[in-house]
Amino acid sequence: MPAFRLCVARRDSEPVRHDAQAAVLVDKRDRGHVLECDAAAHGLGARPSQTVLQARAATGGGIRVFVHDAAHSRLVWHDMLDALDAVSPLVDDSGEGTAYLDMRGIGGTPQEWIARALRVLCEFDLPVRAAAGPNKFVARANTYAAGGDIGALPVEVLELDTRTAERLRLLGVTKLEDISNLPHGPFVRRFGKEAAAWHDRARGIDPTPFRPRPHELQIGAAAYGEGSAEQEEQVYFALRVLAERVCSDLSRAGKAASLLQVTFECENGDLRVLDAGFAQATGDPRTMLDVMRAKLEGLAFESPIIGLRLQAMQLEECGALATLFGQHQADPQTLAVVLARLQAATKRAPHRAHIRPSVRLENRFTY
């Protein structure tokens, strides 16, 4: 999906869903920068990294501006990846808007695979493209190529930077077939080692490995619409309740969490996200609460908290680590709390020492 994040923002804005007017996606409404632009806005002169004022000036003001909602966009993308599991159990997530499916061993023709993928994604009401190919680059290029002729595609398909694309255009190189017809050695010597990959892809060669995404288990608990918390004790009580819910779910799943993500929603509309990590994955609510307390020390909220969400991240298989000389080692849960307090006090991650072989004693450790 070209300009995936822009398509999601535009789809969720009901008045313009069927409007063909050029549009750009920005990080902030007034003083933000352009993140993505559609083909119409690009044709008018809008480019990523421009400020909103520059984009309006370049296009004569005839564009719609949408503000990026990163959390919502990521959620939609993960839902689409989950839907693609019905087509193939092996899905390579190559960033929001691009996914590859390994279809080896699955019955049907490429046309049937494409129809199946489009069918499971139609419920998202987004302009999805699908194509088949022997490798990642060719499959992606075929979503743009008419009749499967990727040689006629512009060199921008290689995701070149603007300066390199301009240099190639001055030399009369505007299509992939122009690059494939150039001698490999002189082309690489002139444009650097990255040009070797451009030359290979222009000839349909892409050695990029297929990396299937792991299946994720999301465990979390939330408290919204249950009043507001103005005092510190009220917040800690709510966090303890949520931690017990999360740990109960972790126990049933046989998992432990090495990272917690806490989201605070305030009465004035502010949204604050806090990450709390552990020295060792845990499923103990008391440990989670102690680490969260350490992370919250020194934080101030301008208005009462009306919503809380606690989510367990980076789940690991649950199990106890048995040590031969446990009495000589620091308790990992106590260590997690101490490290969190140090980080909260110094506003930076503490260093950790690692042993390495060296002749000199002072060189036998590093941070």
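Predicted model: local features only at pLDDT ≥ 70, side-chain atom pairs only at ≥ 80, totals over all residues.

The protein chain exposes about 21,900 Å², an accessible area computed by the Shrake-Rupley method with a 1.4 Å probe, for which, in the case of residues, only the protein chains shown count as cover. Residues are numbered from 1 along each chain as its sequence is written, and side-chain values use heavy atoms, with hydrogens and water left out.

**The chain as a whole**

- The secondary structure comes to 13 helices and 11 strands, where helices (H or I, at least four residues) and strands (E, at least two) are DSSP runs numbered from the N terminus.
- Taken along the principal axes, the C-alpha atoms fill a box of roughly 70 × 60 × 45 Å.
- Of the 367 residues, 34% count as buried, a term that means under 20% relative accessible area, with exposed meaning over 50% and partly exposed in between (1.4 Å probe, protein chains only).
- Among contacts (heavy atoms within 4.5 Å) between residues at least 6 apart in sequence, 55% join residues at least 24 apart.
- The protein chain has 44 positive and 47 negative side chains, and the centres of the two sets lie 6 Å apart; Lys and Arg count as positive and Asp and Glu as negative, without His and the chain ends, and each charge is placed at NZ of Lys, CZ of Arg, CG of Asp or CD of Glu.

**Helix H5**

- Helix H5 (residues 110-121) has 12 residues and reaches 17 Å from its first C-alpha to its last, close to the 16 Å expected at 1.5 Å a residue, the expected span being 1.5 Å times one less than the number of residues.
- Ala117, Val120 and Leu121 are buried in H5, and they lie on the same side of the helix because they cover an arc of only 100° around its axis, judged by the directions from the helix axis to the C-beta atoms.
- The face of H5 turned away from its buried side carries the exposed residues Gln111 and Arg119, whereas the cover over its buried residues includes helix H4 (70-84).

**Positive phi angles**

- Most residues other than glycine have a negative phi.
- Alanine 3, in the segment before helix H1 (4-11), has a positive phi near 50°.
- Glutamate 159, in the loop between helix H6 (136-142) and helix H7 (162-170), has a positive phi of about 60° although it is not a glycine, and at 62% relative accessibility glutamate 159 counts as exposed.
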